[in-house]
Amino acid sequence: MNAVAPLSRRGFLAAIAATGAAMTFTVGPDEAAAAAGDFEPTIWYSIGRDGIVTVNVIRAEMGQHVGTAIARIVADELEADWSKVRINHVDSAAKWGLMVTGGSWSVWQSYPLMSQAGAAGRMVLIEEGAKLLGVDPKSCTAANSVVSGGGKSIGYGDIVARGNLKRSFTADELGKMPIKKAAERRLVGKPSAQLDIAEKVDGSGKFGIDAKIDGMVYARPKIPPTRNESKVVSVDDSAAKAVPGYLKTITLDDPSGTVPGWAMVIAESFVAADAACELVKVEWSSGDTDKTSEADLQKRASALIADPKAGALVVEDPGVDAAFAAAKTKLERTYTTASALHFQLEPVNALAIANKDGSYEIHTGNQWQSLVLPWLSKALGVPEDKIVLKTYLLGGGFGRRLNGDYAVPAALAAKALGRPVKMVCTRADDSRFDSFRSPSVQVVKMAFGEGGRVTAMDHAACAGWPTQVMAPFFMPKGANDVAYDPFAISGANHWYSVGAQRVRAVPNDLANRAFRPGWLRSVGPGWTNWAVECFMDEAAQSVGKDPLAFRLAMLDGAGRNAGTPPNSVGGAKRQAAVLSRLAAKAGWGQSLPKGTGLGIATTFGQERDMPTWVACAARVRVDAASGAVKVEKLTLVADAGTIVSPEGALAQMEGAALWGMSLALFEGTEFENGAPRDTNLDGYTPLRMADVPELDIEFIESAEVPVGLGEPATTVVGPAIGNAIFNASGARVRHLPIRSEDVLNALKTKS
């Protein structure tokens, strides 16, 4: 039987509803807004008497212009004047439902909701505008915040000021609200100004690290030797007392288990807290993971994969074992990836305020407010509705701030001291406390019949599972009724027709104990697609076929790979079209200078139920003497359905591609004695400007459902580079990141 499909967005929302955080959608004026004279046809936006449209955005802004994209969707259907549109990033509240910014979901999830909200407002404004003009509503149209009909016109601001705007809609009516056809869109897909740039340029935009309040003190944490199972035995702050402004060091009692073994060094300024922290001596007791290494983690992963009964069967077709038994030839390869840190520009921080009425305010940048609120509630011993997460710009997220664990120690310190506490982590603190991307091991096998025909494929992947640790309610069950983390296996369930297919997801229990695995931009596909797409090249080579032709033959859209409406219409055939366009664009098959190679890779981004078809060609030069790899050009083609914000989409693709290149060649650390080895940018070396290659990015024009663009490009660049290295030099590397010594070793073996 086929496996249960990964949990869909609807399934996720249903799961969230079961935990008490159901998505809501309210139509009908808010009493406070109405009293102020604004028209608020839904909770998602309001229109003032001056005609200003303010769109409420629940998504975090971390450089991706998400507010502009969502406001553009509303404004297009509302027929608003873009120059009169503003965005408001809201604080946490139950009425907003699920608050999360990740998974490349924001535009995908928001598009139908915001389109219908805009259409509802336009309908009401036309009806009321027609009454004020004394004309038939059927003769009226709306454009640029003006209702016109019968030779007359009236602006939205005047309608709000003079009209009687009380129309409301049921959820069913909203669901049936007609929205524009693609040809009628005026803002979606068209160039327009990003609404959030000015505040970032002039300094008026506030990041979490900018948060201040009178009377607050500063804290820097003493990070224990292990993420879990550490306990404070003793604290000696005698030397720290000589630091001017130092106040005290407190140990945290955390009922939520988020920050076990933490001590907080408190001072009147961060400079004092930082200096004192270096002088405070803490003795800890810790569990057995304080000696765990990267090699231990990978050894455990390999052992778990070797047990055929371990893990969840995400895809389990009948006949896999029989196909391998009958195969003319078989191929098996192992691929690995190292621990990878987030290293976002703004280290994590939080300002917590304990109010006299027992409520709390947490001022910080956060990607998943709905996830951290229950942790805060348990840690503080108060109901969730007594906690408000105040929203700020994020100085980089990349998945780190999906895990809002850093809010917990600040809140506990504020509770203990009875004063506002602002915790700021240094770069090294941030790295040691990071919920980083787990190292991974993958074993991929393929069976071939006559003429090199693929008859079966088996893919097993083992890594730490962030969702199992932090959001277990989001774990569906596989064909063997075992729950799995979709963010640690998505990508392995690819769209190639490979005969009988098996995909097995295995949790690395040692990794889950030794640290808190996290979501890092593209999550599982950052390693699963590395294995799949490198393996496709190796498989093609093993049967003497061109890697492009080999892939295209299997992207036939047969069976479950046909795609389904509304999100994956066209299925694998759309991926084949993207790959074909890439090959033509990049000049696949053309001769190149000696030592230079072109490699290709193609993926569907992150998840099958929201595929973004993307392909990459990497042109690299390899120095055979040193093993150095120089990426000269990255060419990418993507089909993301309707492109809502062209400027934002291009920026997302550029950033994701460079992140993918950085993870492929420059980033990566090792877990050493229970913690990451590299804690600053002297040892951890992301891509530098001097290494940025030429980028050539193209979007396939489409009117299909808009899907994600924050992450897909990260998933194709690594394997494209790996394949290019082989084509340039004959060196096959199977580990990320790719170091020059890895290339030299591969050149020696040529295996």
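This is a predicted model: local features need pLDDT of at least 70, side-chain atom pairs count only at pLDDT 80 or more; totals for chains, interfaces and linings use all residues.
**Exercise 1. Aromatic pairs across the sequence**

Task: Classify the ring pairs Trp105 with Phe474 and Trp495 with Trp613, and say what parts each pair ties together.

Solution. 
- Step 1: The whole structure holds 13 aromatic pairs.
- Step 2: In one of them, the ring centres of Trp105 and Phe474 are 6.0 Å apart and the planes stand at 85°. Planes over 60 degrees apart count as edge-to-face, so this pair is edge-to-face.
- Step 3: Trp105 lies in the loop between strand E4 (85-89) and helix H4 (106-133). Phe474 lies in the loop between helix H14 (466-470) and E21. The pair therefore ties together parts 369 residues apart in sequence.
- Step 4: Both partners are buried: Trp105 at 4% relative accessibility, Phe474 at 2%.
- Step 5: Trp495 and Trp613 are also edge-to-face, at 4.9 Å centre to centre and 80° between planes.
- Step 6: Trp495 is in the loop between H14 and E21, while Trp613 is in strand E23 (residues 613-622), so this pair ties together parts 118 residues apart.
- Step 7: Trp495 is buried at 2%, and Trp613 at 0%.
- Step 8: Trp105, Phe474 and Phe487 form one aromatic cluster.

**Exercise 2. Strand E23 and its partners**

Task: Work out how E23 is paired and whether it is enclosed or open.

Solution. 
- Step 1: Eight bridges join strand E22 (residues 596-603) to E23, and the two run antiparallel. Gly599 stands opposite Ala618 in E23.
- Step 2: Ten bridges join E23 to strand E24 (residues 629-639), again antiparallel. Here Arg621 stands opposite Lys630 in E24.
- Step 3: The hairpin of E23 and E24 has six residues between the strands. Gly627 in this hairpin takes a positive phi near 80°.
- Step 4: Eight of the ten residues of E23 are buried, so the strand is largely enclosed by the rest of the structure.

**Exercise 3. Helix H16 and Thr528**

Task: Compare the reach of H16 with the expected value, then describe the surroundings of Thr528.

Solution. 
- Step 1: Helix H16 (residues 525-542) has 18 residues. From first C-alpha to last it reaches 24 Å, close to the 26 Å expected.
- Step 2: H16 is mostly covered, with 16 of its 18 residues buried.
- Step 3: Thr528 belongs to H16. At 0% relative accessibility it counts as buried.
- Step 4: Leave out residues up to four places away in sequence. Thr528 then touches Gln442, His459, Ala488, Ile489, Ser490, Gly491 and Ala492.
- Step 5: After the helix comes Gly544, whose phi is positive, near 70°.

**Exercise 4. The nonpolar cores**

Task: Name the residues with the most core partners, and list the contacts of Ile721.

Solution. 
- Step 1: The largest nonpolar core has 124 residues. Met446, Leu636 and Ile721 touch the most other members.
- Step 2: Beyond four places in sequence, Ile721 touches Ala618, Val620, Val631, Met661, Ala664, Leu665 and Ile738.
- Step 3: A second, separate core has 50 residues, including Val57, Val74, Ala75 and Trp82.

Terms used:
Residues are numbered from 1 along each chain as its sequence is written. Side-chain values use heavy atoms; hydrogens and water are left out. Rings of Phe, Tyr and Trp (its six-membered ring) pair if their centres lie within 6.5 Å; planes under 30 degrees apart count as stacked, over 60 as edge-to-face and the rest as tilted. Helices (H or I, at least four residues) and strands (E, at least two) are DSSP runs, numbered from the N terminus. Buried means under 20% relative accessible area, exposed over 50%, partly exposed in between (1.4 Å probe, protein chains only). The expected span of a helix is 1.5 Å times one less than its number of residues. A nonpolar core is a set of buried Ala, Val, Leu, Ile, Met, Phe, Trp, Tyr and Cys residues joined through side-chain atoms within 4.5 Å. Contact means heavy atoms within 4.5 Å. Two strands pair if DSSP finds at least two bridges between them.
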